[in-house]
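Hello! Here is the structure I promised to pass on to you. Please open it first, then read my notes below.

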Amino acid sequence: LLGQFGRYISEAQRASGRSIFIFGKDAGFVVVFSQNTRQDVANHADVLSTFFDNTGTFQKFFGDYENKKQTCAIRMKVGPTDQIYAFLLFLSVSQDRNPKRIDECLRRGTLAGLGVVHAYDEALDPPSERGGLTKLDILSLKVLYHPDLLVGADTEQVSSEIARLIGTLAK
C-alpha cells in the first residue's frame, strides 16, 4: 500500500507541478493504514484529534466509522479562507476489506487532499492497465494547478479559463 500511495503522490506531483510533502514539518497529508480501528485511533489520538473541533466530534466520527465497517474516511483541516492546510486519510486494511476498495480510497483520498473531487465513472474514465491515476485525474490536477488560473478570479473568468485549459491540455 505504501508503494501505491507513493505512486499516486509521484503522479500527482508531476501532473500538478507541485511538491507534496508527506513527511516532516511541512507534511500536509496524514495517512493511517489501520488493522484495528479502535486501537489505532487510541494510539494516534494526539494527531487525529487535531482534525476535529472537539472531543465529541472526534469520538462520533470514528465511532460511526467503526460501526458502519467503512474502508475509508477523509477529513480536512480548513483555514479561515477555506484553504485546505492539512488532510487526513484513514484506511482500514484488515484482511476482510476489499483490496480494490482500499486502492480506490487511496487514489481518491490523494486527489481530494489536493482539491480534486469529482464523480468517478469507470466506463467514462477507465483506470490504466498499470493502475495509477486516470486520465481525468491527471487532467484535473493540471487544470487546477495551472499558473493561468488566478486566485480570486470571478466565476465567469475561471469558467472560460478552465474551458481553454481543458482544450489545450487534453490534447
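**Helix H5 and its surroundings**

The buried residues of H5 are in contact (heavy atoms within 4.5 Å) with H1, strand E1 (29-34), strand E2 (72-78), E3 and helix H6 (135-144). Helices (H or I, at least four residues) and strands (E, at least two) are DSSP runs, numbered from the N terminus.

This is a predicted model, where local features need pLDDT of at least 70, side-chain atom pairs count only at pLDDT 80 or more, and totals for chains, interfaces and linings use all residues. Residues are numbered from 1 along each chain as its sequence is written, and side-chain values use heavy atoms, leaving out hydrogens and water.

Among the buried residues of H5 are Ile 102, Cys 105, Leu 106 and Leu 111; buried means under 20% relative accessible area, with a 1.4 Å probe and protein chains only. Just after H5, Gly 115 has a positive phi of about 95°.

Next, the cores. A nonpolar core is a set of buried Ala, Val, Leu, Ile, Met, Phe, Trp, Tyr and Cys residues joined through side-chain atoms within 4.5 Å. The largest one has 20 residues, and Phe 29, Leu 91 and Leu 141 touch the most other members. Helix H1 (2-16), strand E3 (84-92) and helix H5 (99-113) each supply at least two residues of this core. Apart from it lies another core of 12 residues, including Val 41 and Phe 62.

Happy exploring!

Definitions and conventions: Buried < 20%, exposed > 50% of the residue type's maximum accessible area, 1.4 Å probe, protein only.
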